[in-house]
Amino acid sequence: MSDRVTATLAVVETWPDSPAKQDIQFHLRFGRERALQDNADMALVTDWWIGREVPPALRAEVFALLTGYQME
């Protein structure tokens, strides 16, 4: 999980600064730390794992980056 989050954060870092970008970075880092501490670096990722306050289109993009799956 941590490798996928690190790769996703690298892409998100290239985006223009915005409150949504900060929210995404926070949620990804928090999720990575929890996965490392509590779940042997594994996590069940849903679009809500990325953050409820993130706009749906950005949430879907980050979900695809993180999992390799497109949300419908």
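Lys21 is tucked away: its relative accessible area is 4%, so it counts as buried (under 20% relative accessible area, with exposed over 50% and partly exposed in between, using a 1.4 Å probe and protein chains only). Asp17, on the other hand, is exposed at 69%. Lys21 and Asp17 form a salt bridge, with their closest N and O atoms 3.2 Å apart; the term means a side-chain nitrogen of Lys or Arg within 4 Å of a carboxyl oxygen of Asp or Glu. Side chains of opposite charge can pair like this when their charged atoms come close.

This is a predicted model, in which local features need pLDDT of at least 70 and side-chain atom pairs count only at pLDDT 80 or more, while totals for chains, interfaces and linings use all residues. Residues are numbered from 1 along each chain as its sequence is written, and side-chain values use heavy atoms, leaving out hydrogens and water.

By the salt-bridge rule, the count comes to 4. Another of them joins Arg34 to Asp38, with the closest N and O atoms 2.3 Å apart. Both residues sit in helix H2 (residues 19-38), 4 residues apart, or about one turn of the helix. Helices here are DSSP runs (H or I, at least four residues), numbered from the N terminus. Arg34 is partly exposed at 36%, and Asp38 is partly exposed too, at 44%.

Asp47 and Arg59 also meet in a salt bridge, at 3.7 Å from N to O. Asp47 lies in the loop between H2 and helix H3 (56-67) and Arg59 in H3, so this pair ties together parts that are 12 residues apart in sequence. Arg59 itself counts as buried, at 6% relative accessibility.

Definitions and conventions
Helices (H or I, at least four residues) and strands (E, at least two) are DSSP runs, numbered from the N terminus.
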